Amino acid sequence: MNLKTAYEPYFKIGVAISRWNLHTPAHVKLLKAQFNSFTCENDMKPMFFMDAHACKQDPEKYDLAPALQFDNAIPYLEFAKANGIPMRGHTLVWHNQTPKWFFHKGYNETNGLADKETMLARLESYIKGVLGFVNENYPGIIYAWDVVNEAIDEGDFRQSLWFKIVGEDFIFKAFEYARKYAAPSVALFYNDYETMQVWKRDLIISKILKPLIERGTIDGMGMQSHLLMDHPDLDEYRTALEMYGALGLQIQITELDMHNNDPSDGSMHELALRYRDFFEIYLNAKKAGKANITAVTFWNITDDHTWLSGFRREKSYPLLFNGKCEAKEAYYEVVKAALCAAQDAGSARDTDGGSEGVNSDKSGPEVEEFRLELNDKDFECTGLPERKERNDMQEVYDFLKEAGVYYLATVDGDQPRVRPFGTVDIFEGKLYIQTGKVKEVSKQLQKNPKAEICAFMEGRWLRVAGKLIRDDRIEAKKHMLDAYPNLQAMYSAEDDNTEVLYFEDAEATFSSFGAPSRSFKF
């Protein structure tokens, strides 16, 4: 017994994978053994389809039809094709991991923003290009696309560049274009996080889902479901799931994980029981016809590769398998939930009665032990190719944003000092970071502006060395704080503490296991 077999009567069980996972034999074996769907964690987001070099080299040629490249996506598509495992496409339109230059006149951030007509033309061309490439070269591989991701925030439409230029029409146009160019069998989804919150749930239903249903351009709702041990409330989650289900859409749980920073047996037991609770919600809703759940996707394959450790800035243990690809207690509880559902269905048939749901007895049937035969070499990442080279400041910015946390090294007299940072911005063609003037790092940089930052992600690391120069202009500070609204409670563009600094005479170096380093200056 395994996940995909246990849940075959109900819905697909998927997993998000990275380039690192794809080139680690142990992770590939685990994927094949347990899952019948997968999602590309990062390499099919907008920034990895867009060819910055071509667009910037000939902006007039590509003004209304951005140049695209598919080198980053092809390994996943080839893997899916070779192994007969269908994929979810993630994601066509998102405010994040879409390069800022894409929104500017001439693909140049020193120019103003492009107008609505230009951006809609770029949007259609981009969606046509991506879907056309997949349709032509990998027909039948991708069964669903997240067309628009995370368009709601702070009680209204997110104030993204898409919204500022196009307005809410960017959502409806994206689905219109996706419906126009996607294969007929491909399901189109809106995807978002915290979708159980009452205000967000109601806004998504009224402002996005119902208008798209009226237009006939949407097939499903994606509930990301990045869970905590004490959030969300189960009843609140169940209510949201059933409300989305009542619209007649497919429902997919698209990015499931459950943050837990305590690896003790007791805490992992609680994690297991809480996972069981959520899968019972899914199974009950499916069996009762309250939500047509068609897939549940975990957000990465083992605890050692979860994005949450970087995002939460503490080690997280949120998944069903540990770093050695061993099944945790949560795995067995999730499988038991499906076996109990099957038992209940059989009992209902035997008595000509109706099953009211999944048996809530947490003991349940026994599940055979899952164990992969692995050796040390199976955990070695081999043959990992470099992502398509861009050799520009935008590539550095995108990597730092995706990594989430980087480390800044300065000099304090004759002592090195290192601390974690998270802010990065591009303003007027320069790469900026932000801190406070009262902090020691600021004082150190004023005495010696030489600095170096380093970030690591998926077996690949970036170092940027140069001088950090203070920019006291309010415009530069405001641009940074606009990019990080959460900092506005602590900093203001007009206070005496906020400090932004840009790199001068910088050199960036990308390195990875098994590939030569690559450096360029900006």
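## Charges over aromatic rings

Lys 315 lies over the face of Tyr 317, 5.6 Å from the ring centre. Here a charge counts as sitting over a ring if NZ of Lys or CZ of Arg is within 6 Å of the ring centre and within 35 degrees of the ring normal. A further case is Lys 430, which lies over the face of Tyr 502 at 5.3 Å from the ring centre.

## Basis of the report

The structure is a predicted model, in which local features need pLDDT of at least 70 and side-chain atom pairs count only at pLDDT 80 or more, while totals for chains, interfaces and linings use all residues. Residues are numbered from 1 along each chain as its sequence is written, and side-chain values use heavy atoms, with hydrogens and water left out.

## Salt bridges

A salt bridge is a side-chain nitrogen of Lys or Arg within 4 Å of a carboxyl oxygen of Asp or Glu. By this rule the count is 29 salt bridges. Lys 315 takes part in one of them, with Asp 304 (3.3 Å, N to O). Asp 304 lies in the loop between β11 and α13, and Lys 315 in the loop between α13 and α14, so the pair ties together parts that are 11 residues apart in sequence. Helices (H or I, at least four residues) and strands (E, at least two) are DSSP runs, numbered from the N terminus. Asp 304 is partly exposed, with a relative accessible area of 48%, and Lys 315 is partly exposed at 32%. Buried means under 20% relative accessible area, exposed means over 50%, and partly exposed is in between (1.4 Å probe, protein chains only).

Asp 303 and Lys 328 also meet in a salt bridge (2.8 Å, N to O). This pair links distant parts of the chain, 25 residues apart: Asp 303 is in the loop between β11 (292–298) and α13 (308–311), and Lys 328 is in the loop between α13 and α14 (329–350). Asp 303 is buried, with a relative accessible area of 3%, and Lys 328 is buried, with 9%. Within helix α11 (residues 234–245), Asp 235 and Arg 238 lie 3 residues apart, about one turn of the helix. Their side chains meet in a salt bridge (2.5 Å, N to O).

## Aromatic pairs

Rings of Phe, Tyr and Trp (its six-membered ring) pair if their centres lie within 6.5 Å; planes under 30 degrees apart count as stacked, over 60 as edge-to-face and the rest as tilted. The count comes to 29 aromatic pairs. The ring centres of Phe 70 and Phe 133 are 4.0 Å apart and the planes are at 0°, so this pair is stacked. Phe 70 lies in the loop between α5 (52–57) and α6 (74–83) and Phe 133 in helix α7 (residues 116–137), so the pair ties together parts that are 63 residues apart in sequence. Both Phe 70 and Phe 133 are buried.

The rings of Phe 102 and Trp 162 have centres 6.0 Å apart and planes at 65°, so the pair is edge-to-face. Ring pairs also link Tyr 7, Phe 11, Tyr 237, Tyr 275, Phe 278, Phe 279, Tyr 282 and Phe 298 into a cluster.

## Paired strands

Two strands pair if DSSP finds at least two bridges between them. Strand β17 (residues 460–471) pairs with strand β16 (residues 450–457) in the antiparallel sense over 8 bridges. Strand β17 also pairs with strand β18 (residues 498–512), in the antiparallel sense over 11 bridges.
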